[in-house]
Amino acid sequence: KRVVSWSQVLPSEASAAPLLQAERIIVPCNDNVLYAVKMSEPHDVAWTFTAPGRLSSTPSLHGSSLVVGVRDHGVLAISADRGRRLWERLVPGGVTGEVTSSGTLVYVPGLDGKMYAIDPADPARERWSLSTGGAIWGGPVLAGGVLLFGADDQNFYAVDGERGTVLWKLRVKGKIRVRPVVSGSTVVFGGQDKLLYSVELD
């Protein structure tokens, strides 16, 4: 029989999956607050950060900072140790998908139909941006320097992560609103056409 090893009461329900970061669990909640819960006893909240909008995706780690998309706002970065705001970037329509880090660049899926590559050293300017024909709801995945994601224009994109050039795209029968998964040389994603797609990357 399995038992709960510990639990912690939060002021609001979780709005997305948590991120395990060092000795803390970063939880986005429906009250628009990120909670950093200690993994060691007494499992209390180390810090909180109130976002300027809805948190609907899991934060990502970029060096010593956390980056997270905010609905009806954009993307922001906060320090992972204290939860202090470092920078933010407005995106028309906001961001619902998970932001992805390459270690150098941060990739932001916009509801305005653009994928943004932002250098955190100068977040006011993007390294590149790519316009698609529809909103990008799901976050991208980076595999071997190639950024993979789907959009509401019913296309699945493979984009050079450094330059932002489209390497190839695949047209399907419905909108793609979920983040793909990669295993080895295979990428798998689902569409609103009720089909599951598997594509070889090599």
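Mentor: Let us begin with the side chain of Arg 179, which is partly exposed, with a relative accessible area of 34%. Buried means under 20% relative accessible area, exposed means over 50%, and partly exposed lies in between, with a 1.4 Å probe and protein chains only. Please note that this is a predicted model, in which local features need pLDDT of at least 70 and side-chain atom pairs pLDDT 80 or more, while totals for chains, interfaces and linings use all residues. Residues are numbered from 1 along each chain as its sequence is written, and side-chain values use heavy atoms, leaving out hydrogens and water.

Trainee: With which residue does Arg 179 form a salt bridge?

Mentor: A salt bridge requires a side-chain nitrogen of Lys or Arg within 4 Å of a carboxyl oxygen of Asp or Glu. The partner of Arg 179 is Glu 98, with the closest N and O atoms 3.3 Å apart. Arg 179 lies in the loop between strand S16 (166-171) and strand S17 (181-183), and Glu 98 in the loop between strand S8 (85-90) and S9, so the pair ties together parts that are 81 residues apart in sequence. Strands are DSSP runs of E with at least two residues, and helices are runs of H or I with at least four; both are numbered from the N terminus.

Trainee: How many salt bridges does the count come to?

Mentor: The count is seven. One of them joins Arg 127 and Glu 162, whose closest N and O atoms are 3.6 Å apart. Arg 127 belongs to strand S12, whereas Glu 162 is in the loop between strand S15 (155-160) and S16, so this pair connects parts 35 residues apart in sequence. Arg 127 is partly exposed at 41% relative accessibility, as is Glu 162 at 45%. Through shared partners, salt bridges join Asp 119, Arg 127 and Glu 162 into one network.

Trainee: What is the strand order in the open sheet of four strands?

Mentor: Two strands pair if DSSP finds at least two bridges between them. Here the order is S9-S10-S11-S12, with antiparallel pairing. Strand S9 (100-101) and strand S12 (126-131) are the edge strands, each pairing on one side only. Two bridges join S9 to strand S10 (residues 106-109), and Thr 100 stands opposite Tyr 107 in S10.

Trainee: How many aromatic pairs are found in the whole structure?

Mentor: Rings of Phe, Tyr and Trp (its six-membered ring) pair if their centres lie within 6.5 Å; planes under 30 degrees apart count as stacked, over 60 as edge-to-face and the rest as tilted. The search finds five pairs. The ring centres of Tyr 107 and Trp 128 are 6.1 Å apart and the planes stand at 40°, so this pair is tilted. Tyr 107 in strand S10 and Trp 128 in strand S12 are 21 residues apart, and both are buried. Phe 149 and Tyr 157 form a stacked pair, 5.2 Å centre to centre with 15° between the planes; both of these residues are buried.

Trainee: How many helices and strands are there in the protein?

Mentor: There are zero helices and 19 strands. The radius of gyration, taken over C-alpha atoms, is compared with a globule rule of 2.2 Å times the number of residues to the power 0.38. The protein has a radius of gyration of 17 Å, close to the 17 Å that the rule gives for 202 residues, so it is as compact as a globular protein of that length. Of the 202 residues, 50% count as buried.
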